[in-house]
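Please read it beside the sequence and the coordinates.

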Amino acid sequence: MRTTADVRDDVSTTGVINCAAYAGGQRVADLPICDIHEALEHSDRFIWIGLNEPREEVLREVQREFGLHDLAIEDALSAHQRPKLELYEGSLFVVLRTAQLLPGGIGLEFGETHVFVGDRYIVSVRHGSLKSHVGLRARCEAAPQLLNKGPGFVLYALMDFIVDQYLPIVEALEEQLETLEEEIFGERFDRETTARIYRLKRDLLALKRAVSPLVDVCNRLMRYDISLIPEDTRPYFRDVYDHVVRMNEMIDNLRELLTTALEANLSLISVSQTEHTKRLAAWAAIIAVPTMIAGIYGMNFDAMPELHWRFGYLYAIGMMGLVSIGLYGIFKGRRWI
Amino acid sequence: MRTTADVRDDVSTTGVINCAAYAGGQRVADLPICDIHEALEHSDRFIWIGLNEPREEVLREVQREFGLHDLAIEDALSAHQRPKLELYEGSLFVVLRTAQLLPGGIGLEFGETHVFVGDRYIVSVRHGSLKSHVGLRARCEAAPQLLNKGPGFVLYALMDFIVDQYLPIVEALEEQLETLEEEIFGERFDRETTARIYRLKRDLLALKRAVSPLVDVCNRLMRYDISLIPEDTRPYFRDVYDHVVRMNEMIDNLRELLTTALEANLSLISVSQTEHTKRLAAWAAIIAVPTMIAGIYGMNFDAMPELHWRFGYLYAIGMMGLVSIGLYGIFKGRRWI
Amino acid sequence: MRTTADVRDDVSTTGVINCAAYAGGQRVADLPICDIHEALEHSDRFIWIGLNEPREEVLREVQREFGLHDLAIEDALSAHQRPKLELYEGSLFVVLRTAQLLPGGIGLEFGETHVFVGDRYIVSVRHGSLKSHVGLRARCEAAPQLLNKGPGFVLYALMDFIVDQYLPIVEALEEQLETLEEEIFGERFDRETTARIYRLKRDLLALKRAVSPLVDVCNRLMRYDISLIPEDTRPYFRDVYDHVVRMNEMIDNLRELLTTALEANLSLISVSQTEHTKRLAAWAAIIAVPTMIAGIYGMNFDAMPELHWRFGYLYAIGMMGLVSIGLYGIFKGRRWI
Amino acid sequence: MRTTADVRDDVSTTGVINCAAYAGGQRVADLPICDIHEALEHSDRFIWIGLNEPREEVLREVQREFGLHDLAIEDALSAHQRPKLELYEGSLFVVLRTAQLLPGGIGLEFGETHVFVGDRYIVSVRHGSLKSHVGLRARCEAAPQLLNKGPGFVLYALMDFIVDQYLPIVEALEEQLETLEEEIFGERFDRETTARIYRLKRDLLALKRAVSPLVDVCNRLMRYDISLIPEDTRPYFRDVYDHVVRMNEMIDNLRELLTTALEANLSLISVSQTEHTKRLAAWAAIIAVPTMIAGIYGMNFDAMPELHWRFGYLYAIGMMGLVSIGLYGIFKGRRWI
Amino acid sequence: MRTTADVRDDVSTTGVINCAAYAGGQRVADLPICDIHEALEHSDRFIWIGLNEPREEVLREVQREFGLHDLAIEDALSAHQRPKLELYEGSLFVVLRTAQLLPGGIGLEFGETHVFVGDRYIVSVRHGSLKSHVGLRARCEAAPQLLNKGPGFVLYALMDFIVDQYLPIVEALEEQLETLEEEIFGERFDRETTARIYRLKRDLLALKRAVSPLVDVCNRLMRYDISLIPEDTRPYFRDVYDHVVRMNEMIDNLRELLTTALEANLSLISVSQTEHTKRLAAWAAIIAVPTMIAGIYGMNFDAMPELHWRFGYLYAIGMMGLVSIGLYGIFKGRRWI
């Protein structure tokens with residue numbers, strides 16, 4: 001049997017993060033994949049393997065050890081699956097999607113975690129989400145009485161772990177909507193606001209595609225037809241179910257609000273267009289009336305008495321000024337300017 | 001056994017509002033949590049405990065006394081649950097959301113009430129909604145023949161109490177819509193109208209999330225598979241069900257009307273834009289024509305007979321005036337001004 | 001036993017419109033509520049009571065006579081229920097909503113009719129819809145062979161009666177939509193059109209809330225699990241069901257058309273805005289070009305030969321006229337004016 | 001027994017188009033309604049009656065002969081039913097809606113066909129759709145081996161016949177949409193386009209109401225609970241089912257495209273508004289700048305050297321021309337004009 | 001028995017692409033349709049026939065050989081079916097729609113493949129999609145252990161093959177949406193953008209109609225009621241099911257994003273309209289103010305001191321210039337220009 005250190009060295013080359021045997025809720029041995037066989041001879045033990053983008057031969061070895069189905073292995077190799085639960089004879093295959101906010105808080109990045117669960121083993125295969133599982137194994141090992149429930153419980157812990165990571169994302173998207181609301185209703189919207197609404201919608205749809213299939217997955221895990229999940233573990237899946245349903249609701253809520261926000265945005269763009277038209281009209285009038293007066297006194301009639309007044313010019317300029325000020329006052333009063 | 005006064009003193013520190021034993025529909029004893037054990041020895045009694053944001057140790061003590069499930073207790077500690085009903089062996093766990101209009105009638109505030117119901121006990125745990133239960137216990141105690149039905153009936157009373165509080169809120173939101181209708185169709189809308197439509201939509205969606213899961217909760221309580229609810233109490237849950245369904249319908253109705261109102265608002269903004277454009281055009285014409293006439297008599301042709309007429313100037317000014325008045329009349333007639 | 005006249009006198013004070021015993025499809029006795037007891041001793045008789053906003057004590061007396069459930073009686077007292085069917089041991093409780101066009105054909109008014117049906121009795125309680133039942137009893141008594149089927153058939157007759165009243169209302173709303181279509185597409189829409197679309201939508205939603213729950217009510221009455229409805233009466237409820245489903249479809253149809261009408265309206269408002277902008281631009285050009293020409297001949301250059309032409313002035317005015325007429329022609333040709 | 005000629009003569013007065021007995025897939029006799037009785041004595045025969053808006057007494061006679069249910073007969077008399085299938089003891093009642101394009105290809109007209117099917121008879125009653133069944137009987141008689149399957153097969157033939165008539169209509173509506181697309185995206189839309197979109201939507205909704213209830217009708221006819229439809233005839237109804245589902249999909253597809261077309265139309269109206277505004281602005285600038293220059297040289301300053309240049313006037317006019325041409329070029333380059 | 005070459009020669013005239021017998025996963029014989037009979041006498045063999053738009057007599061011969069149902073054959077002759085699965089006694093009939101991007105990547109073209117599956121045979125009939133099956137038979141023959149599972153597995157291979165061809169199409173449509181997003185949010189949208197959004201929507205709806213019925217088809221093939229699909233082949237259909245569901249989700253996602261994109265487009269058109277209006281107004285003001293000043297100095301008052309200043313003209317021109325530059329600066333600062 002190799003040492004833990006040996007096993008760790010393999011990670012970068014083989015994709016094996018961890019491979020340990022558990023008994024009575026305690027880790028009793030770290031072992032290489034090829035020794036699984038021996039470990040399973042202790043009937044009270046189960047194996048928990050963590051893989052990260054493993055090389056095909058590693059996955060094939062795991063397949064041989066546990067007798068996993070070809071189609072599930074092919075799924076695990078290719079990634080790009082939607083979240084699902086598949087029941088093979090004697091084993092479960094679960095696909096989960098992990099999510100992360102991109103740095104800067106704008107945009108989402110998705111990874112995948114595939115899990116094989118049997119009576120005596122659980123194998124997780126990660127794609128593009130290395131950070132996502134940090135701490136999970138430690139947390140499980142800190143609660144031996146729960147870990148003792150076996151692979152079914154580890155599956156719960158893993159799903160709970162991943163689902164818990166959705167919440168901060170949904171909250172970040174909620175904050176983005178709030179910022180958008182402030183922009184829209186605080187008269188600070190522009191071309192970019194519409195683009196941001198669109199991008200938020202796109203992220204919500206993508207997140208929805210990760211979360212909503214889990215409602216069905218949890219539902220099936222809670223039911224009584226899957227013997228791999230011991231009865232006392234089922235309420236835990238109900239807990240995950242609750243989280244998923246709530247998240248789903250929050251996402252739908254955000255989507256509906258976003259649709260309304262987009263329409264409200266359009267309304268306000270129209271309102272602001274009307275306001276600009278009014279302001280324009282007001283200033284046009286303020287300039288047009290003096291221009292008309294100037295035109296009148298620019299006529300060449302022989303007999304235009306004002307032209308010969310001593311203060312005719314002043315009078316004309318004054319009249320223009322008064323009219324302009326008057327119009328300005330009127331428009332100001334009607335809040336056109 | 002401690003006195004009622006002693007128990008009351010504990011509220012602020014422990015979160016225990018009330019803890020009493022009932023027999024034959026009558027309150028027979030107030031008791032501290034630690035004495036529940038003894039009280040349950042009388043086989044005709046049930047315990048009704050009211051907690052408000054209790055300290056964890058209080059909740060844990062209650063858990064020990066009644067053997068409640070760990071996951072339910074964790075839910076009750078953290079709040080932020082969606083309304084639901086969970087069936088554990090020998091006990092029900094119900095989560096309800098309480099709602100209140102913020103002072104000023106604009107905006108909603110939500111709290112949560114979690115209820116544990118067993119054969120011989122009912123425990124309610126409130127979060128952020130102290131006022132919400134005032135009077136409930138008094139009302140139940142005033143109807144001993146009903147209270148005698150046991151914890152199942154108290155659950156009904158509690159749900160009825162909370163659901164009854166939604167109605168004034170839905171009505172307040174209906175009134176807000178009516179005010180919005182008046183603004184929109186009474187030509188008094190502005191930028192704020194759109195914002196108010198949006199906020200009303202947000203409140204409706206939040207209220208919907210509190211109300212709609214109750215349809216399913218009541219449905220299950222009415223059915224025949226939950227033995228904790230005695231058969232003669234089930235019609236009462238049908239009553240709550242009716243209220244919830246009706247409220248749900250009212251909310252959906254409001255949402256659909258609101259969507260239409262938002263679209264109508266956009267239409268009317270466009271109409272009002274057209275009207276402003278017309279008014280603008282009319283006034284532009286009224287100014288432009290005299291300006292043109294003035295321009296004509298400002299030309300420097302040698303032979304322009306009008307220039308030498310005695311009343312040429314008057315004639316020109318008069319013509320300008322007539323044209324302007326004529327145009328004004330035309331536009332007035334077409335309701336452009 | 002009192003005379004019919006006595007019974008009739010009570011209406012205004014007690015709310016009892018009619019209370020009669022039937023045997024073999026024939027009315028055999030009018031009787032006061034307090035004598036129901038005796039009448040039921042004839043095992044071939046059933047009682048049909050019609051109440052209109054009855055005083056609570058009357059309803060309580062009826063409750064005692066027939067052993068009705070407390071919750072149903074409370075519903076019947078308060079009104080404001082949604083249409084529903086409730087099954088109590090030995091009795092049915094049905095809530096229906098009656099509808100009427102307000103005088104002038106604009107706006108709807110809703111009432112409620114609550115019906116208690118037992119093996120040997122049927123009690124209808126009306127709220128805010130006195131006119132609605134006129135003629136129903138007479139019509140039933142005119143078909144003794146049908147009335148002989150008992151209270152289940154009377155329930156059918158009552159539901160058919162109420163559902164038949166929806167049709168003219170739906171047709172009136174269809175006509176309103178047609179009028180709106182003419183306004184919208186006949187270029188006669190204005191601010192009021194949008195308001196009318198909104199009000200029609202509101203009425204449709206309200207009517208929908210009265211009609212659509214009946215689909216489910218009829219469905220259950222047609223099924224084989226309600227023993228109070230004799231088997232040969234069930235096809236009649238299928239008839240009501242058909243009416244309700246058809247009405248429901250008509251309402252949904254109207255709603256969808258209305259949504260499209262609102263969007264079409266917005267499109268046409270925009271089209272008409274474009275047209276006004278074009279017309280405006282055309283007239284602006286027709287005025288601006290002569291103004292420019294006048295400006296040119298108002299320049300003060302020493303050498304401007306035209307100024308000294310004999311018919312220079314005429315030439316300038318003519319040019320202005322020609323340009324204006326030319327522009328007018330061009331715009332007319334392009335249908336801008 | 002009367003001759004075929006006698007029977008034919010009755011059509012205009014009684015509404016009986018055809019009434020024949022079939023045995024072994026062959027028409028063995030034409031007979032008047034009153035002789036049905038005798039014909040049914042041959043146990044291998046079935047009767048096929050075709051009625052067109054029959055007089056009530058004819059329908060009542062048919063009812064007596066076959067023992068049809070009162071409610072079905074009343075439906076057949078009044079028309080205005082939605083498509084449905086009703087199961088009475090020993091008989092089926094099917095309502096179908098026939099559809100026809102109005103001449104000119106714009107607008108739809110609907111009729112109804114009601115069918116009573118029993119073990120030994122089939123009666124079709126047409127309302128407002130005489131042309132619709134032409135050729136059906138001939139086609140059936142041309143395939144005796146199929147007609148031999150009995151009334152169940154004739155029902156199939158009739159439904160197939162009617163459903164086949166929907167396809168050219170759906171295709172005509174698809175063509176209308178294509179024409180609308182060309183108008184909308186080919187910049188040839190106007191006020192009428194919006195009206196046509198609306199009318200197409202209305203036709204689609206009406207057609208949908210004729211087609212979509214048939215999905216359910218066919219579904220029930222395909223199932224195994226209707227003994228009147230022999231097992232080997234059921235696959236034929238699956239064929240009708242397929243047609244109906246496909247038609248339904250085509251209609252839904254058209255509806256969704258139409259909604260998008262209406263929105264695209266609104267977008268393009270706005271785009272075209274923007275373009276008009278730009279063109280307007282361009283021409284306004286082209287006129288305004290020369291006007292300004294003319295204004296400058298119309299000023300009365302003593303010292304304005306240009307005024308005294310020999311070619312000052314030409315220079316001014318030239319400048320105006322150059323500026324105008326320059327602006328025209330700029331706007332042309334930006335595609336504003 | 002004829003040679004392979006003979007068989008190949010027939011393709012263009014008869015539509016028979018391939019007709020071979022398989023045993024133990026190996027192709028054991030190429031044979032003409034008329035020899036099928038003999039081949040089926042070896043009880044370990046199954047026949048796989050590939051037809052491409054076959055002549056009716058060929059299809060009829062196949063029908064006779066395998067006893068296929070008339071209705072299925074008629075479907076296979078006419079094409080224009082929606083994807084479906086039909087269960088006849090002893091045989092399955094599956095309709096699939098094939099899809100291809102038109103050259104240039106814009107627009108889709110659809111074909112159909114009909115498949116008859118029996119215990120010992122599989123017949124595929126292609127319409128308008130010759131290219132679509134290239135390589136399928138070779139791929140199957142390369143995996144004899146799988147091909148050995150029989151016609152059920154070939155059905156899977158065929159469906160997988162066709163469904164795999166949807167993915168590049170969905171991805172091409174996703175790219176089209178991305179290009180549209182860039183146009184819309186990168187201020188490069190025009191009239192064509194709206195038309196492209198519409199066309200993308202149309203393609204998505206068409207593709208949806210090909211893909212979404214397959215969810216149901218696969219679902220039924222995965223279930224346990226179809227004995228023609230051996231139990232160990234069912235997980236393979238679950239694989240196809242997964243692909244179809246994922247594709248379906250991607251299409252729905254695209255549709256919802258497209259709807260949002262269309263609305264965002266409308267918003268941005270309005271924003272850009274507002275911006276043009278502002279720019280217009282700014283330039284109008286920059287021209288109007290100097291014109292007004294010129295008008296003032298064009299007045300003919302006797303006493304206008306500036307007119308006699310030495311640099312009056314320069315002063316006036318300068319003032320005009322300054323005002324214009326000032327206004328330009330203000331508008332530039334407010335980003336109107």
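1. The model is predicted: local features need pLDDT of at least 70, side-chain atom pairs count only at pLDDT 80 or more, and totals for chains, interfaces and linings use all residues. Residues are numbered from 1 along each chain as its sequence is written, chains are lettered from A and ligands numbered from 1 in the order in which they are written, and side-chain values use heavy atoms, with hydrogens and water left out.

2. E:Cys218 is buried, with a relative accessible area of 0%.

3. How many salt bridges does a search of the whole structure find over all chains? The search finds 105, a salt bridge being a side-chain nitrogen of Lys or Arg within 4 Å of a carboxyl oxygen of Asp or Glu. One of them pairs A:Lys84 with E:Asp242, with 2.1 Å between the closest N and O atoms. This pair joins two chains, because A:Lys84 lies in strand β4 (residues 84-88) of chain A and E:Asp242 in helix α11 (residues 234-297) of chain E. Helices (H or I, at least four residues) and strands (E, at least two) are DSSP runs, numbered from the N terminus. Both A:Lys84 and E:Asp242 are buried.

4. Other salt bridges lie within a chain. A:Glu192 pairs with A:Arg199, the closest N and O atoms being 3.3 Å apart. A:Glu192 is partly exposed at 35%, and A:Arg199 is partly exposed at 32%. In chain E, E:Glu192 forms a salt bridge with E:Arg199, with 3.3 Å between the closest N and O atoms. Here E:Glu192 is partly exposed at 35% and E:Arg199 is partly exposed at 31%. Salt bridges that share partners also join A:Asp75, A:Lys84, A:Glu86, E:Arg238 and E:Asp242 into one network.

5. D:Glu53 has a positive phi of about 40°; D:Glu53 is placed in the loop between β3 (45-52) and α4 (56-66) of chain D and is partly exposed, at 47% relative accessibility. E:Arg335 has a positive phi of about 60°. The position of E:Arg335 is in the segment after α13 (312-333) of chain E, where E:Arg335 is exposed at 74% relative accessibility.

6. In chain A, A:Thr291 is part of helix α10 (residues 234-297) and is buried, at 18% relative accessibility. A separation of 8.4 Å is found between the C-alpha atoms of A:Thr291 and A:Met320, which are 29 residues apart along the chain.

How values were computed:
Buried < 20%, exposed > 50% of the residue type's maximum accessible area, 1.4 Å probe, protein only.
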